[in-house]
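Subject: A structure to look through

Hi there,

I am passing this one over to you, with some notes on what turned up in it. Please have a look at it first, and then read on.

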Amino acid sequence: MMHRTPLFSAIVLAIAAPSVAASAQPAPVAATAQAKFPPLYRAELERARSFVSEMMAAGVVVPVPKDPGGGYTHEQHKRNYKAIYLAGQLYRITGEQAYADYVRDMLLAYAELYPTLGDHPARHNQNPGRLFWQVLNDAVWLVYSVQGYGEIRDTLSAADRERIDDQLFRRAAKFLSVDSRATFDRIHNHATWATAGVGMTGYLLGDEDMIERALLGSDKSGASGFLRQTELLFSPDGYYAEGPYYQRYALLPFMVFADAIERNDPERRIFEHRDGILLKALYTTVQLTYGGYFFPFNDALKDKSLRTDELYHGVAIAYERTRDPALLSIAEFQGRTVLSEGGLLAARDLAAGKAKPFPFRSLLLRDGPEGDRGAVAILRQGSGPEHTVLVAKNTSQGMGHGHFDKLSWQFYDNGNEIVRDYGAARFLNIEAKRGGRYLPENESWAKQTIAHNTVAVDMRSHFDGDDELGETIAPQQLYFSDVPGLQVSSARVENVQPGVALQRTLVMADIPGMEEPTVLDLMRAESDASHTYDLPLHYQGHVMELAFPVESHVGARPVLGEDNGYQHIWVDAVAQPEAGDAAMTWLLDDRFYTYRFVTDGAVQAILGESGANDPDFNLRREPMVILRARGKRDHTFVSLLESHGRYDGAAEQTVASRSRVRAMRHDRIDGADVVRLTLADGSRVAIAISHDPNTSASHRVTLDGETLEWTGFAAVIELEAQGA
């Protein structure tokens, strides 16, 4: 065995056995053999061969762990488990012995290293791993590596097999399920990866004790473990407690371990467990996207899309089980698959032209194991990459990754995120940014209420930023309708601050005289005491016009506050528009957006930008407008978001850059809210909201001599026109 000292002075076990020397590289798969594979699978095969060949040419490099996320040793162990997995798959497909020998030699090196390891030296505030800085990554290593090992184990000598079994995989499984019991028995994505790794190891080694621990928890009582996670982490609609980003991440161990259970223990009927919850979760994961990118709830990184390894596996496994042609369109979008039976089947059927469009649609996804912990309301209109989507986040806290943003919303249009959610303050695996961990600003900004599109009370976050308190209080979804042309979500949450309740109704409607779907937002705060209510709107685009006078801070920008996220807001301008309504318009790509709000003459508008008190440049600079109502017990913020016009910079043409709305008025009468719009051509329309979920109930109000009648929760009513 040779030793050398590579970058960062990590000690490396460098094993360059003849079977993995450059001269012993596997020959390319013959063209005739490649031809039998469909294009998507063939491309995946060649991609895997290229990566594994590079790894084999470098020899077996298994460094002593040293670095946090993004550092040399961290990234090398990640490359290694990917190589172990893929080389095992390649051996199964091609029969090339060099692949099996490479996996053997890599695992023998790990079997020598692993017994010498203690807690990782870069451990931080997470439970430490052995190979990685946190135990989660050790579990990921095991999930991938045990699959690669399973493909070549029968090729090994009895001595090599025993050494790898006992010194590596049994030790790794013990570390995860016994030494790290606190993590293993959690109801959390870290435990999902751990139970999957241990359970798959148990199936491979024929160890019933491991299997039972994985399925039922370390004490085998069923109070924890993989099966209990499927029951507590997903709602009946397949929504995952921590949000779409972590749903995507947790889906791989859920689906891959379930696939292993189905193949080894089919009588468990795992894919039928809890009304088929795992397959349901796969479909829900896909629905929680726009343009392929996940809605960035909670601690989400905004660059994650359906083009991820977790979803390549998930789609292949789901397709093998369902043969649903809609999943083939997702595989086509991904342009990737996996080297499994399911991946090959999906690639063949895609090549045969069997794909059908995935049915993206409006839907309500309940939250909580029983579906009674709020919901995500997704309102979609149109089709294709530029369709319109409104997302109302009326969910539970989302455990430790949850953000304090009850009843917040996002809006997508024309291929862009218009009303934005910040997501997480983190640069994953970029060592320069705190080793790729969550940044301090994740706590001081990204999680705070003012960083989201919902009401902050007295410049404080919901539940004062207390995760545990937040977990005890979930919104109630009051109403949902996906009727085309008039889609509605309404929800309520109590005690975001003591004695303060919020109720929000969002309507996405087709308004006569308006070219695109229009969003009406009614956000009501209620309390027995006086408060300051701040309603931010985080948007994307360049301001074109402010239809109210402002006091701009052109010299030095003040900071809005001292804590709870306010310390990170630069104030660019302030205004106090006159009573009536006020509006601002911005441009994004080739479309204009006007945000119009009702004001009593006392509401202040604050134009700001994130990034204050950020000496390390950890935050993105993003604009916002904050509506502030002071000294109010009850207050309703009424606003309208209108998409309009076109801008063609190449042709130097602009069409309809100004709002189609001349005036907006709000009245609250007999518990109903009525918003009347006067358009530029003099036509008038009302959006009437009864707040009565009885869809057959009739309602009638009289305003300024006009009688409005409608049926159900909400309606768009055309009124008598005024002169233009």
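Which residues line the second largest cavity? They are Tyr114, Leu131, Asp138, Trp141, Leu142, Ala172, Phe175 and Leu176.

Before going further, a word on the model. It is a predicted one, where local features need pLDDT of at least 70 and side-chain atom pairs count only at pLDDT 80 or more, while totals for chains, interfaces and linings use all residues. Residues are numbered from 1 along each chain as its sequence is written, and side-chain values use heavy atoms, with hydrogens and water left out.

**Cavities**

A cavity here is a set of points, on a 1 Å grid over the protein atoms alone, where a 1.4 Å probe fits but cannot get out; lining residues have an atom within 4 Å of a point. Grid points are joined across faces, edges and corners, and a volume is the space filled by probe spheres set on the points.

There are two cavities of 30 Å³ or more. Helix 5 (135-152) and helix 6 (158-179) each give at least two residues to its lining. (Helices, H or I with at least four residues, and strands, E with at least two, are DSSP runs numbered from the N terminus.) By type, this lining has seven nonpolar residues, no polar ones and one charged. For these classes, Ala, Val, Leu, Ile, Met, Phe, Trp, Tyr, Cys and Pro count as nonpolar, Asp, Glu, Lys and Arg as charged, and the others, Gly among them, as polar.

The largest cavity has a volume of about 40 Å³. Around it you will find Tyr422, Trp445, Ala451, His538, Ser610, Glu622, Pro623 and Met624. Its lining divides into five nonpolar, two polar and one charged residue.

**A pocket**

A pocket is an open set of points with protein on both sides within 12 Å along at least five of seven lines. The second largest pocket holds about 630 Å³ of space. It is lined by 24 residues, and Gln89, Gln147, Glu151, Asp259 and Arg263 are the closest to its centre. Several helices supply at least two lining residues each, including helix 3 (72-94), helix 8 (189-205) and helix 13 (309-322). Helix 11 gives the largest share, five residues. The lining comprises 11 nonpolar, seven polar and six charged residues.

Thr192 sits in helix 8. Thr192 counts as buried because its relative accessibility is 0%; buried means under 20% relative accessible area, with a 1.4 Å probe and protein chains only. Apart from neighbours within four places in sequence, Thr192 is in contact (heavy atoms within 4.5 Å) with Gln229, Leu233, Ala250, Pro253 and Phe254.

Pro63 belongs to strand 3 (residues 60-63). Pro63 is also buried, with a relative accessible area of 0%. Its C-alpha atom is separated by 9.7 Å from that of Ala109, 46 residues apart along the chain.

**The whole protein**

The secondary structure comes to 17 helices and 32 strands. The C-alpha atoms fill a box of roughly 90 × 60 × 55 Å, taken along the principal axes. Of the 724 residues, 60% are buried. Among contacts with a separation of 6 or more, 66% are between residues 24 or more positions apart.

Happy exploring!

Conventions
Buried means under 20% relative accessible area, exposed over 50%, partly exposed in between (1.4 Å probe, protein chains only).
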